[in-house]
Amino acid sequence: SLSSIHLAQLPDALLADVATFLSKTSCAFFAVAMTASSSSWQNCNWQGQQPSAASKAIILKQNPEQWEALDFMDIEKSCRTKLTDGDIGGILVCIDAINSLKSLKLTH
């Protein structure tokens, strides 16, 4: 029945296609959300936690150059002010920031 379908049960390719309609920062948040909660990323010190297959599909569907710069002004202020270290750390892991990110803008 429709009442028992969960977002995580949808095909990874479908989730990746949906993410193409999001801003790049929102897309990164979506990828993190499809892996685990932000607190779980922080609890493992952002090591050992790997993005899920859905998260990888979401990130890989985007233009790779998209992840060279990440500006948190892309999201609404009401959301920005609630970001935790876990949220930001999870995003950096999901987008493979070590190998892709050249510019990170954190604002409040």
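Mentor: What follows takes the labels one at a time and sets each value against its definition.

Mentor: The model is predicted, with local features requiring pLDDT of at least 70 and side-chain atom pairs counted only at pLDDT 80 or more, whereas totals for chains, interfaces and linings use all residues. Residues are numbered from 1 along each chain as its sequence is written, and side-chain values use heavy atoms, with hydrogens and water left out.

Trainee: What pattern does the chain follow along the sequence?

Mentor: The pattern reads α-α-α-α-β-α-α-α-β, with 7 helices and 2 strands in the chain; helices are DSSP runs of H or I with at least four residues, strands are runs of E with at least two, and both are numbered from the N terminus.

Trainee: What makes P64 count as exposed?

Mentor: The terms are buried for under 20% relative accessible area, exposed for over 50%, and partly exposed in between, with a 1.4 Å probe and protein chains only. P64 has 63% relative accessibility, and therefore counts as exposed. The residue sits in the loop between α4 and β1 (69-71), and its C-alpha atom is 9.2 Å from that of I95, although the two are 31 residues apart along the chain. Over the chain, buried residues make up 34% of the 108 residues.

Trainee: Why are the buried residues of α4 said to line one face of the helix?

Mentor: The buried residues in α4 are A54, S55, I58 and I59. Seen down the axis of α4, they fall within an arc of 130 degrees, so they line one face of the helix; the arc is that of the directions from the helix axis to the C-beta atoms. An α-helix has 3.6 residues a turn, so residues three or four places apart point the same way. The cover over the buried residues of α4 includes α1 (12-19), α2 (24-33) and α6.

Trainee: Why is the pair D17 and K61 called a salt bridge?

Mentor: A salt bridge is a side-chain nitrogen of Lys or Arg within 4 Å of a carboxyl oxygen of Asp or Glu. The closest N and O atoms of D17 and K61 are 2.7 Å apart, so the pair qualifies. D17 in helix α1 and K61 in helix α4 are 44 residues apart, and the pair links distant parts of the chain. D17, at 34% relative accessible area, is partly exposed, and K61, at 45%, is partly exposed.

Trainee: How do you know that K102 and E68 also form a salt bridge?

Mentor: Their closest N and O atoms are 3.8 Å apart, so this pair meets the criterion too. K102 lies in the loop between α7 and β2 (103-105) and E68 in the loop between α4 and β1, 34 residues away. K102 is exposed at 68%, whereas E68 is partly exposed at 32%. The structure holds 2 salt bridges.

Trainee: What lies in the largest pocket, and how much space is there?

Mentor: About 440 Å³ of space lies in the largest pocket. Of the 19 lining residues, the closest to the pocket centre are L92, V93, I95, D96 and A97. α6 gives the most to the lining, with 6 residues, and α4 (53-61), α6 (85-94) and α7 (97-100) each supply at least two.

Trainee: What makes a pocket, by definition?

Mentor: On a 1 Å grid over the protein atoms alone, a pocket is an open set of points where a 1.4 Å probe fits, with protein on both sides within 12 Å along at least five of seven lines, and lining residues have an atom within 4 Å of a point.

Definitions and conventions:
Points joined across faces, edges and corners; volume = space filled by probe spheres on them. Contact = heavy atoms within 4.5 Å.
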